[in-house]
Amino acid sequence: MSSEVGTKKFIKKCYAAADMLYASGDHALASELYGKCAELGHVDSQVSLAYMYYYGEGVEQDLGLAFEWFKTAAVAENSYAQYALYIMIKEGDCPDEEKGDALKWIEASAKNGYPIAINELGCLYLMGEDVEKNEKKAFKYFGKVAEFSDFYAGNIGALYYTGTGVKKNRKKGLKLLVKAVKEGNPVAMQAYDLAISDEGLAEPLVYRGDASDEDIPEEESPEMQ
């Protein structure tokens, strides 16, 4: 028991020191300390070490080691590592035997609550990329990620506005787009520009602060099957 407690204390101090060294720019020593903690099973250190191997910070770039450490952390249910594996597999930066597992890892990351993964999964279902196209599932994932931050409200706003996967509600769609635009979401900005052009509005709603104040008629379309 005392040995286990000692190890936990060592990891806590070692990891904190590694973070400070990384922030100060001493990436080489930071990678050494992350490595010590990673070998002892510290998941956050495994992610940090993988990140450094991926970008070649403080160590020679090694995509193979980056993948190995990300996978170790991913198996331990780290959502960031799971998403990183998805990206590496999609980009071909992985062993041949791992090439068919991209969808598995992004689904795991989304399940564990990583917002970027949830949003990306919604996009995959909307476009029918790597999965069978399913607009209702896209709506579900976009709605879920919008709960994390208004930054992600744009996609579900666009679905409401166009009636894709849900009953059309242009007013609600614009209101959600405005929220995302205010948070600086560039994709939402493009969708918003198209929407206000379609509505023929003389003044951008985002600068007035509340799309719901506009007299935009609400329309409904049949529920998607």
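Author: Lys104 forms a salt bridge with Asp101, with the closest N and O atoms 3.8 Å apart. A salt bridge here is a side-chain nitrogen of Lys or Arg within 4 Å of a carboxyl oxygen of Asp or Glu. This is a predicted model, in which local features need pLDDT of at least 70 and side-chain atom pairs count only at pLDDT 80 or more, while totals for chains, interfaces and linings use all residues. Residues are numbered from 1 along each chain as its sequence is written, and side-chain values use heavy atoms, with hydrogens and water left out.

Reader: Are Lys104 and Asp101 buried or exposed, or in between?

Author: Buried means under 20% relative accessible area, exposed over 50%, and partly exposed in between (1.4 Å probe, protein chains only). Lys104 counts as partly exposed because its relative accessibility is 44%, and Asp101 is partly exposed at 21%.

Reader: How many salt bridges does the structure hold?

Author: The general idea is that side chains of opposite charge can pair when their charged atoms come close. The structure holds five salt bridges. In one of them, Lys71 meets Glu98, with the closest N and O atoms 2.7 Å apart. That pair links distant parts of the chain, 27 residues apart: Lys71 lies in helix α4 (residues 63-75) and Glu98 in the loop between α5 and α6 (102-111). Helices (H or I, at least four residues) and strands (E, at least two) are DSSP runs, numbered from the N terminus. Lys71 is partly exposed at 27% relative accessibility, whereas Glu98 is buried at 8%.

Reader: Which residues are linked in a network of salt bridges?

Author: Lys90, Glu129 and Asp130 are. The side chains of Lys90 and Asp130 meet at 2.7 Å, N to O. Lys90 belongs to helix α5 and Asp130 to the loop between α7 (115-127) and α8 (135-146), 40 residues apart. Lys90 is partly exposed at 37% relative accessibility, and Asp130 is partly exposed at 48%.

Reader: How should I read the aromatic pairs, and how many are there?

Author: A pair of aromatic rings is described by the distance of the centres and the angle of the planes. Rings of Phe, Tyr and Trp (its six-membered ring) pair if their centres lie within 6.5 Å; planes under 30 degrees apart count as stacked, over 60 as edge-to-face and the rest as tilted. By this rule the count comes to ten aromatic pairs. Tyr80 and Tyr114 have ring centres 5.9 Å apart and planes at 85°, so their pair is edge-to-face. Tyr80 sits in helix α5 and Tyr114 in the loop between α6 and α7, 34 residues apart. Tyr80 is partly exposed at 31% relative accessibility, while Tyr114 is buried at 16%.

Reader: Which residues form one aromatic cluster?

Author: Phe70, Tyr80, Tyr83, Tyr86 and Tyr114 do.

Reader: What about the nonpolar core: which residues have the most contacts inside the largest one?

Author: A nonpolar core is a set of buried Ala, Val, Leu, Ile, Met, Phe, Trp, Tyr and Cys residues joined through side-chain atoms within 4.5 Å. The largest has 64 residues, and those with the most contacts inside it are Phe70, Tyr86, Trp105, Ile106 and Leu121. Helix α5 (residues 79-90) gives the most to this core, with seven residues.

Reader: And the overall fold: how many helices and strands does the protein have?

Author: There are eleven helices and zero strands. Of its 225 residues, 42% count as buried.
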